[in-house]
Amino acid sequence: MKRFIIKNKFFVSLLSIAMIVILSLGVYIIQDKNTSNIPVDPPSVIPGKDDSDKEAVIKSLSANYNSSAIGNSISINWSISKNASIIEEIKLYLNDNEPLDVTSFSSYSFTQSVYNFPTGDNKIKLEVILEDGKSITKETTVYVDYIISVRQEVVLKGASLDITLEYVYMDTNPVHTPTIITNDDFVVTPLVNFVDTQVKTSGNRVTARTTYNFAWGSVENIPEKMAVRWKFNDLPVPFSRDYTVLKPEKETEATQ
């Protein structure tokens, strides 16, 4: 036997390799059958990923106050996810006014000339009414400047300028007299004096005119133009306006 193995080394080696492969294949088949009998858990579902059974939700509600020469307004924008709910109606409230039906909109603008909203904080509420009668609401506030509108007027008086600011505010939120400053460099520094503030009321709106006199001593020292800033420092949110003052060509001629 020993002599046979020695004479047939190549054949014996090949046979040994074949036996090892057959044994390995048998072990793999047995393990695979055992593994296939182990129960496998179904894939886990992450809560909150499927919104098909949830009710509607107001995702966002924002309000911005816009002031311009053509008029002031409050712009409202919102976003709603209806999910599995059926939305019956959407209402928009400005303070305690009657609600507006905005079911077909995702934004709205309140103009001050139409809705006469007050200065200071204004409350905005969005209400989503569902088919089953449930109501979903979201609220926010928007600050409206105490000063509704401003306009500057300049009048030449001898060797001085009368600079007037006309401004409108509501009687519910009165304002104090504004100040005026300038940072320009002058050949001759002007002497600045407060003249007066005249007030006229119409309904709940107050129109005021505050005047300061800038005196240089001679007409030649009055600059052709200068930058000024009007400031209302007593308000919850400081209010200011910048203007360029142009020297009028004639006395008593008003420029803006």
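Mentor: We will take the salt bridges and then the exposure of their residues. This is a predicted model, where local features need pLDDT of at least 70, side-chain atom pairs count only at pLDDT 80 or more, and totals for chains, interfaces and linings use all residues. Residues are numbered from 1 along each chain as its sequence is written, and side-chain values use heavy atoms, with hydrogens and water left out.

Trainee: How many salt bridges does the count come to?

Mentor: Seven, taking a salt bridge as a side-chain nitrogen of Lys or Arg within 4 Å of a carboxyl oxygen of Asp or Glu.

Trainee: What does Glu-55 meet in a salt bridge?

Mentor: Lys-134, at 2.8 Å from N to O. Glu-55 is in the loop between α2 (9–36) and β1 (57–66), and Lys-134 in the loop between β6 (120–130) and β7 (135–144), 79 residues apart. Helices (H or I, at least four residues) and strands (E, at least two) are DSSP runs, numbered from the N terminus.

Trainee: New topic. Which residues are linked with Arg-151 in a network?

Mentor: Glu-153, Glu-166 and Arg-209, through salt bridges. The closest N and O atoms are 4.0 Å apart for Arg-151 and Glu-153, and 3.2 Å apart for Glu-153 and Arg-209. Glu-153 lies in strand β8 (residues 147–157) and Arg-209 in strand β12 (residues 205–215), so that pair ties together parts 56 residues apart in sequence.
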